[in-house]
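Let's take a look at this protein model together. Have the sequence and the picture side by side as you read.

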Amino acid sequence: MKIYFLGTNGWYDSETGYTLCTLIDCKDYYIILDAGNGIYKLDEYIKEDKPIYLFISHVHIDHISGLHVLDKFNFKQGLDIYVPAEKRKALEVFKNSPYTKSFKKFNYRVDIHDVIEGENKMPFEFLSKKLLHTDESFGYRFLLDAKTITYSTDTSICENDLELSKNADLLIHECTYKPGLPPSNWGHSTPNQVAKMAKDANVKKLVLTHFAADLYPELKLRDEAEKIAKDIFKNTVAAKDGLTIELS
Ligand SMILES: [Zn+2]
Ligand SMILES: [Zn+2]
């Protein structure tokens with residue numbers, strides 16, 4: 001299984017990268033995590049006709065702006081989008097005129113489905129929990145190819161975050177803030193906080209992503225965050241656009 005980090009910025013695109021989008025290429029599916037602007041690269045990676053599922057954490061613009069780009073693709077197998085049920089209405093507005101071309105007019109099928117908090121059965125069994133963010137976000141825990149992958153953004157460290165992460169083979173977690181004290185209570189995390197939680201949760205590997213474009217204007221600042229996180233939890237990587245992780 002391969003995980004491609006197509007966009008790793010929080011808030012806006014900048015020289016350091018595009019807004020958030022991650023692609024998991026596993027045996028039976030393609031799974032896309034959030035639809036920031038990094039999503040435009042998808043056709044470089046999606047070459048097979050496996051089902052494609054896109055999971056939205058919440059509808060802040062840096063997580064859905066890439067929906068505007070979907071008409072670039074022609075996925076023969078269609079696309080199924082999973083969104084927290086409470087955010088469904090907002091997404092329905094955003095994926096239509098006058099904001100973008102209606103999905104109904106695409107050359108391929110796009111369907112939207114609700115995610116509920118707790119155990120979900122479709123399109124396969126996965127767990128979702130509410131996180132701690134200014135506008136509620138859902139974290140996800142998947143079992144794919146016998147590996148547990150947790151995706152947690154945007155959020156402060158919280159009990160649900162910890163529960164979703166317990167013993168995960170891979171934790172993909174936001175790292176909006178710089179090391180030290182959180183500069184606001186918007187609901188984001190520092191590298192120190194995430195590393196400590198990864199350790200407490202006994203995860204095997206941690207990838208930090210969603211680095212705020214304003215707080216991390218240069219990539220070397222991500223290296224510094226990685227170093228600080230590594231002192232707390234050794235198996236940490238700070239993602240940059242183009243990072244590929246292989247999980248086997
Ligand atoms: Zn965000
Ligand atoms: Zn957000």
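Which strands does helix α5 lie across? Helix α5, residues 219-232, lies across β13 and β15, and runs at about 165° to β15.

## Before we start

This is a predicted model, where local features need pLDDT of at least 70 and side-chain atom pairs count only at pLDDT 80 or more, while totals for chains, interfaces and linings use all residues. Residues are numbered from 1 along each chain as its sequence is written, and chains are lettered from A and ligands numbered from 1 in the order in which they are written.

Helices (H or I, at least four residues) and strands (E, at least two) are DSSP runs, numbered from the N terminus.

## The sheet

Here we have an open sheet of 7 strands with mixed pairing, in the order β8-β9-β10-β11-β12-β13-β15. Strands count as paired if DSSP finds at least two bridges between them. β8 (118-120) and β15 (236-238) stand at the edges with a single partner strand each, so one side of each has no neighbour in the sheet. From one strand to the next, the twist averages 20°.

Now pick out β10 (residues 138-144) and β11 (residues 147-152): they pair in the antiparallel sense over 5 bridges. Leu143 stands opposite Thr148 in β11.

## Two helices across the strands

Helix α4 (residues 191-200) lies across β12 (170-174), β13 (206-209) and β15, and runs at about 155° to β13. Axes are lines fitted to C-alpha atoms, for helices over the stretch in contact, and angles run from 0 to 180 degrees between N-to-C directions.

How do α4 and α5 sit together? Their axes come within 8 Å and cross at roughly 30°. That makes α4 and α5 roughly parallel to each other (angles under 35 degrees count as such).

In α4, Pro191, Asn192, Val194, Ala195, Lys196 and Lys199 meet Ala225, Ile228, Ala229 and Ile232 in α5. Contact here means that the C-beta atoms, placed from the backbone, lie within 7 Å. The residues of this contact divide into 7 nonpolar, 1 polar and 2 charged (Ala, Val, Leu, Ile, Met, Phe, Trp, Tyr, Cys and Pro count as nonpolar, Asp, Glu, Lys and Arg as charged, and the others, Gly among them, as polar).

## A loop residue: Asp241

Asp241 lies in the loop between β15 and β16 (244-246). Is Asp241 buried or partly exposed? Asp241 is partly exposed, because 19 other C-beta atoms lie within 10 Å (20 or more would be buried, 12 or fewer exposed).

Leaving aside neighbours within four places in sequence, Asp241 is in contact with Phe5, Leu6, Gly7, Thr8, Gly17, Tyr18 and Gly38.

Note on methods: Angles under 35 degrees count as roughly parallel, over 145 as roughly antiparallel, 65 to 115 as roughly perpendicular and the rest as oblique.
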